[in-house]
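Subject: Structure handover

Hello,

Here is the structure for you to look over. My notes follow below it.

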Amino acid sequence: MDKRGSSSILEFLENKAILVTGGAGFLAKIFVEKILRSQPKVKKLYLLLRAADNKSANQRLQNEVW
């Protein structure tokens with residue numbers, strides 16, 4: 001991708017809210033890292049994790065994502 005295309009994507013993501021499904025998955029982790037590294041001005045980043053209850057969802061977020 002040329003620099004012009006790359007900068008237009010970064011401009012598009014600025015001040016946007018992004019929903020990532022499967023937030024603990026391999027591709028989602030790479031995608032989130034890339035977004036945060038290349039465009040720190042993302043407004044919100046929502047990670048959707050599947051778990052049995054709220055406690056296990058929080059544990060999964062801590063153990064598998066961060």
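Does Arg 60 count as buried, partly exposed or exposed? Arg 60 counts as partly exposed, because its relative accessibility is 29% and the band for that class runs between 20% and 50%. More on Arg 60 below.

Please keep in mind that this is a predicted model.

Confidence

The protein chain averages a pLDDT of 86. At least 70 is the score for 91% of the residues. Helix α1, residues 3–13, has the lowest confidence in the chain, with a mean of 79. The highest is in β1, at 95. Where pLDDT is low, the predicted coordinates should not be read in detail.

Salt bridges

The count comes to two salt bridges. One joins the side chains of Arg 60 and Glu 64, at 3.3 Å from N to O. Both residues lie in helix α3, which spans residues 54–65. They sit four residues apart, about one turn of the helix. Glu 64 is partly exposed too, because its relative accessibility is 34% and that value falls between the cut-offs of 20% and 50%.

The other salt bridge pairs the side chains of Arg 37 and Glu 33, at 2.4 Å from N to O. This pair belongs to helix α2. Here again the spacing is four residues, about one turn of the helix. Arg 37 is exposed, because its relative accessible area is 65% and the cut-off for exposed is over 50%. Glu 33 has a relative accessibility of 34%, so it counts as partly exposed.

The core

The largest nonpolar core has seven residues. They are Leu 13, Ile 18, Val 20, Ala 28, Val 32, Ile 35 and Val 42. Two elements give two or more residues each: β1 (17–21) and α2 (26–38). The largest share, three residues, comes from α2.

Take Leu 13 as an example. Leu 13 lies in helix α1. Leu 13 is buried, because its relative accessible area is 14% and buried means under 20%. Leaving out residues up to four places away in sequence, Leu 13 touches Ile 18, Ile 35, Gln 39 and Val 42.

Val 42 is worth a look from its own side. Leu 13 and Val 42 are 29 residues apart in sequence. Their C-alpha atoms are 6.2 Å apart in space.

The loops

Asn 15 is exposed, because its relative accessible area is 53% and exposed means over 50%. Its backbone stands out. Asn 15 has a positive phi of about 60 degrees, although it is not a glycine. Most residues other than glycine have a negative phi.

Arg 50 is in the loop between β2 and α3. Arg 50 is exposed, because its relative accessible area is 74% and the cut-off is over 50%. Arg 50 and Leu 61 are 11 residues apart along the chain. Their C-alpha atoms are separated by 10.0 Å.

The surface

Leu 19, Tyr 46 and Leu 48 make a nonpolar surface patch of about 330 Å². Leu 48 lies in strand β2, residues 44–48. Which class does Leu 48 fall into, buried, partly exposed or exposed? Leu 48 is partly exposed, because its relative accessible area is 48% and the class lies between 20% and 50%. Patch residues need over 30% relative accessible area, so Leu 48 at 48% passes that cut-off.

Best wishes

Notes
Residues are numbered from 1 along each chain as its sequence is written. This is a predicted model: local features need pLDDT of at least 70, side-chain atom pairs count only at pLDDT 80 or more; totals for chains, interfaces and linings use all residues. Side-chain values use heavy atoms; hydrogens and water are left out. Patches are made of residues with over 30% relative accessible area and no salt bridge: like charges are joined within 9 Å, nonpolar side chains (Val, Leu, Ile, Met, Phe, Trp, Tyr) within 5 Å. Accessible areas come from the Shrake-Rupley method with a 1.4 Å probe; for residues, only the protein chains shown count as cover. A salt bridge is a side-chain nitrogen of Lys or Arg within 4 Å of a carboxyl oxygen of Asp or Glu. Buried means under 20% relative accessible area, exposed over 50%, partly exposed in between (1.4 Å probe, protein chains only). A nonpolar core is a set of buried Ala, Val, Leu, Ile, Met, Phe, Trp, Tyr and Cys residues joined through side-chain atoms within 4.5 Å. pLDDT is the predictor's confidence in each residue, from 0 to 100. Contact means heavy atoms within 4.5 Å.
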